[in-house]
Each structure stands twice: as C-alpha cells, then as structure tokens.
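Subject: Structure for your review

Dear colleague,

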Amino acid sequence: QIQGMSMMISRANIIIALERNFNGIPSKDFQDIVRVFIEECGLHAESDLYLFQKPIDVICSALLNEQACGARYALIIDETDDDSIMRLLQTEGILSTSRKNLFKLSNMPENTQMEELSLVSRVKFAAQHSNTIVLSQTDAVNESFYDLFNQNFRRVANRDGKECLYANIAVGGISRRSRVSESFRCVMHVREIDLSSLPAPFLNRFEKYKLCVAELLTGKLERHQFLSRIVGRAKGHIQAFLSMMTLCGFIPGQTLETLLLDMLQNAVDYRQQDDMFSSQFFPGKSFSDYFTFFAKNYVGLSITSAEFESVVALGEKYLPISQAQALEDLIRKNEVECPFNVVQAFKECLNFIPNSDAIIAILIDRLFEMLLTRKVLLTLLDLASPEEIFKKRKGLPLDLVEKYFQQEHFALKPMLHSLESCSSSHTTQLKKLVVHTRSNAHIVGIPAVRPEENSSLKFAKVEKYVHPNPKRVMIEHLNSLKNELALRSTIDTWCDDEDKEILLLIA
C-alpha cells in the first residue's frame, strides 16, 4: 500500500512472507521469530496469533501458486518415519505422488548407479514438460540439480525469438544445459530424522514447511463441523481403549490420526454440503436406508447392514432411556413417517449442535459417534496380539472380542481363503490380491514358486501352508531380489500371468 512517498506493508503480509521464508521449525520458535521481526519493523506490539495460517494452508498456498515469480521450490519436512505425510497429501488432493510425479531412489543394494542415472534423466524430461515433481530420498543425486534448485536459469532465445529457460543438470560426470519449463515446480521431501545430516546450503535453496499427521487431521476437521464434533467425542472412548492396550507398531500422534484421515478421506467439504442436499434425493424408506446413504455420501463411511445393527444395539444399550426408546421406535418402523423431518435432522447435524428437543438429530449424532468409535477400535485391534486381547478381554466390549477371534489372521492359508471369498462375493471375476502377513519360520521356509514351475516337492509345501491350488500362486523372496529392476520384473510377470491370482512376497 502506497501512502504519500512511502510504501506501507501490513502486519498480515509480513507474517505471510515470514511463513513462506522462515518456516520449517517448531511453532513456538516461529512465533518468536515473528515477534522479533515485528518489533524490528517498528510496529506496535500486539497478539498476532490470529494472523497465522495453519501449516497445511501455507503449504497449499505455496504449491498451488505455481506462477509465483521468484518463489523458491518447496521442501516438506515429514515428521513420520514411513513417509505417511506424502501419502496423505495425495489422498487430500494437495500433491500428486503418482509414479509419474514421484522420483524416489530405492534402498536395494545393486544397480544403484543405473538407477541414479535413470532418475536424473527422468527429472530432466519432467522439467521440460511443465510437471510438478516430488523428490524423495534422492541425496545421492541432489548435486546434479543444484542449478535447478537455485533456479539459476539462463534465458536463451529460440528460432522464433521466444526466450526459453535453461539450467545445468549433471548426468553422471557430465553437466549439460537442459531446458526448463517456466511452469515447472519441484517439491523436495525430507524426513525429520534425516534433517540434521543435510548441509545448510542445500536447505537454504527451498521454502521449508514442517508437517505432522495431527495438523493434517486438524485442518480437515475444521472444514467439517459435524465430523469435528463426532471425532472429538469418539477420541475420548478411543483413548480409554489405548490406555489399557499394548498395540504393535502404534505411534502416538500418528497411527490414530492417519487412520481417521484414511476413513474420512471422502467426507464432503462443508462448502458443498448445501448444494448436495438440494440436488440429491435420499433413497429408501426406512431410517437405516437414510442413515446408510448419509454415511456414504456425506461422511464417506461405507457401512453394512450388520454394522448398522451392531451400532443400533449399542445405542439401545447405552443411550439414556428416553433416547433408547425413541431409537427403538424409529428402527422398528419399516418406513419413516415424515421423510422431510428426517432429512432436515441430517442437515441440522451437519451444521449445528442438535437441540435437546430435536430427538432424531440427537440420535443421528450419537449413532455416528458410536459407528466411528467402533470402526476405529476394530481396526486398531488388528495391531493387538491374540494374547493381549485374551488378557484384556474383560475390559473390552464383548462384540469386539468376538469379532477379533472370528477373523482368519492366525494362519496364512485360511486368511488367503477368506480374502478370496471376499473378492468373489463382490466381483464376477477374482482380482489379484496383495497380502501382508506376519512372518514366522514356516512362512520363511516356503519355497519360491515362479511361472512354469513344476516341482511336486515345492507344490506340496505350498499346498500345505499357502493354498490348495499351488498353480494359482506365485511366491518370491525379497532377499533374492537385489535391485528395483528385479522387483518390478517380478510384479510385471505376475500381472501378465492370468493363472497366478496370488503373489506372495516374503520378506
């Protein structure tokens, strides 16, 4: 803003600039930087917390503003150890990490030089064609792209007189000038545990943003008043469960939050809810039909009739007497008496906390809390050992314990049979399956079975531990695949063989 002969910059713009250029550090440290900067600018002291954007909003602004003149490329600091942030950014539609856009070096021991050369060549091609790419675990080849990361471009006019951008990119030991599209963007992904080993000059080339799973979940829930209310209450029940259980691989602040984001990834944004209510017709006649339709189309949860019945049973058992009686009356009817009132109750739940006299809206609110809690607990139970479940069985809901021991996850062969049956019931043709198993001595001892294999000794062992028809199974040990090319070749071979319906990779 120009005032007289002076240019005035607002506090908000100063903070936005700081968020883009001095980020990637803990929130408290960043607030201290902002305070010092504001004081040095001679502005009067006041609380600036209301001006701060959520980390995910800052990242969205940086990634979507592809034409920002002079803006540095982005570096995302991932607080997880398994790159969950990148997968969740893809799920939320913020960043594409498809095979076309993600460039990542494998950890396999052989043919690393060929893989590095291939990655550099593919990045050169992407830079020419206006792509937004993501680089992850590329420490070995980052030196090849220093000119590109610095945006140290040389402008050269082509035959038509149009200026084109060029940057030096090294392939092997040779550095050559390569063309770069003006709309090309690069996003570097780094795990927080690796941050201390990266040189400062490399980090200074990027705008840095630090993300954790909890921040992604918070950002999503802020756009869904209904889900924010439901998740907030469900977390209380879930935390009580977590306090008494020991779960394999559970990471506080990551596992539960990732699970909730995955379950609610298809939830309708609050800005689209009113439009959907005005354009969509609720099919069915009973309350269960309305509830199932709402869960799938607005909350993003697909539920079976058995799941709905289990939730209703919980409601009738634990809700206050007046609400339990109203629920029983509502469920007993094959057709709701006033469909308009039921639809309005669902709409009220999305936008407001139900009033005490809005009994249908209250029931919807409570049932969704029970549904989400039950789904999360059933998923988390998969991380518990049978011994842990049996030891804590008296403190767990009986139906969850029964559900756990009904699953076929104590032996590989019944588990594969269960997965096959599940696929057959939903499709006319059996789909290929990828199965993750807990390895033990018997599984590690299973022999590799490749196409055209005809060993009766191998087939006998596979038939005993894996599948009654060994010819439908392809088995490979990961320790025999020494490079990425071998792994890709194995998967491609399996995909091309119509007879091999199951591929078992043994680690």
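Which residues are linked in a network of salt bridges? The network joins R229, R233, D365, R366 and E369. A salt bridge is taken here as a side-chain nitrogen of Lys or Arg within 4 Å of a carboxyl oxygen of Asp or Glu.

The model is predicted, so local features need pLDDT of at least 70 and side-chain atom pairs count only at pLDDT 80 or more, while totals for chains, interfaces and linings use all residues. Residues are numbered from 1 along each chain as its sequence is written, and side-chain values use heavy atoms, with hydrogens and water left out.

The structure holds 24 salt bridges. One of them pairs R233 with D365, with the closest N and O atoms 2.7 Å apart. This pair links distant parts of the chain, since R233 lies in helix α9 (residues 225–244) and D365 in helix α16 (residues 359–381), 132 residues apart. Helices (H or I, at least four residues) and strands (E, at least two) are DSSP runs, numbered from the N terminus. R233 is partly exposed, at 24% relative accessible area, whereas D365 is buried at 3%. Buried means under 20% relative accessible area, exposed over 50%, and partly exposed in between (1.4 Å probe, protein chains only).

A further salt bridge joins R450 and E476 at 2.9 Å, N to O. R450 sits in the loop between α20 (441–444) and α21 (456–465), and E476 in strand β12 (residues 473–477), 26 residues apart. R450 is partly exposed, at 36%, while E476 is buried, at 4%.

Yours sincerely
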